Amino acid sequence: INYQLPQAGRVQITIYNTLGREVATLVNAENAAGYHSVSWNGKSSAGVPVGAGVYFYRLQTENFNAVRKMILLK
């Protein structure tokens, strides 16, 4: 997941399943302005591998909120 911040600030990236349940939080920290990238290893927050399928990630900052769909293939 690639993202760009025009200014430094708190960023949160969370993965959800198709039922809307939270699967994992990838980022929850202050980030500097600029380009950033994070990858998901296909595991839940508890470290348990999740099944292949459709998932959603939510990118939140102080002034921005977006939800995108992604497919996990194994």
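How far does the backbone nitrogen of Lys43 lie from a polar atom of the side chain of Asn41? The answer is 3.1 Å. The views below take this and other details in turn.

This is a predicted model, in which local features need pLDDT of at least 70, side-chain atom pairs count only at pLDDT 80 or more, and totals for chains, interfaces and linings use all residues. Residues are numbered from 1 along each chain as its sequence is written, and side-chain values use heavy atoms, with hydrogens and water left out.

**View 1. Asn41 sits in the loop between β4 (34-37) and β5.** Strands (E, at least two residues) are DSSP runs, as are helices (H or I, at least four), and both are numbered from the N terminus. Asn41 is exposed, at a relative accessible area of 60%. Exposed means over 50% relative accessible area, buried under 20%, and partly exposed in between (1.4 Å probe, protein chains only). A polar atom of the Asn41 side chain lies 3.1 Å from the backbone nitrogen of Lys43. Asn41 and Leu72 are 31 residues apart in sequence, yet their C-alpha atoms are 9.7 Å apart in space.

**View 2. Four strands form an open sheet in the order β3-β2-β5-β6.** The pairing is antiparallel. Two strands pair if DSSP finds at least two bridges between them. β3 and β6 (65-72) are the edge strands, and each pairs on one side only. From one strand to the next, the twist averages 15 degrees.

**View 3. β5 (residues 53-60) meets β6 through eight bridges.** These two strands run antiparallel. A hairpin of four residues joins β5 to β6. Arg58 has Val67 of β6 as its bridge partner. Leu59 is partnered with Ala66, also in β6.

**View 4. β2 and β3 also pair over eight bridges, in the antiparallel sense.** Ile15 has Ala24 of β3 as its bridge partner. Five residues lie between the strands in this hairpin, where Gly20 takes a positive phi near 85 degrees.

**View 5. Arg10 and Glu30 form a salt bridge.** The structure holds one such bridge. Its closest N and O atoms are 4.0 Å apart. The term covers a side-chain nitrogen of Lys or Arg within 4 Å of a carboxyl oxygen of Asp or Glu. Arg10 lies in β2 (residues 9-16) and Glu30 in β3 (residues 22-31), so the pair ties together parts 20 residues apart in sequence. Arg10 is partly exposed, at 45% relative accessibility. Glu30 is exposed, at 54%.

**View 6. Thr14 is a buried residue of strand β2.** Its relative accessible area is 1%. The Thr14 side chain makes a polar contact with the side chain of Gln12, at 3.4 Å. Such a contact is a pair of N or O atoms within 3.5 Å; within protein, one must be able to donate a hydrogen and the other to accept it, and residues adjacent in sequence count only if both atoms are side-chain atoms.

**View 7. Val54, Ile71 and Leu73 form a nonpolar patch on the surface.** Together they have about 320 Å² of accessible area. Ile71 is found in strand β6 and counts as exposed, at 61% relative accessibility.

Conventions:
Axes are lines fitted to C-alpha atoms, for helices over the stretch in contact, and angles run from 0 to 180 degrees between N-to-C directions. Patches are made of residues with over 30% relative accessible area and no salt bridge: like charges are joined within 9 Å, nonpolar side chains (Val, Leu, Ile, Met, Phe, Trp, Tyr) within 5 Å. Accessible areas come from the Shrake-Rupley method with a 1.4 Å probe; for residues, only the protein chains shown count as cover.
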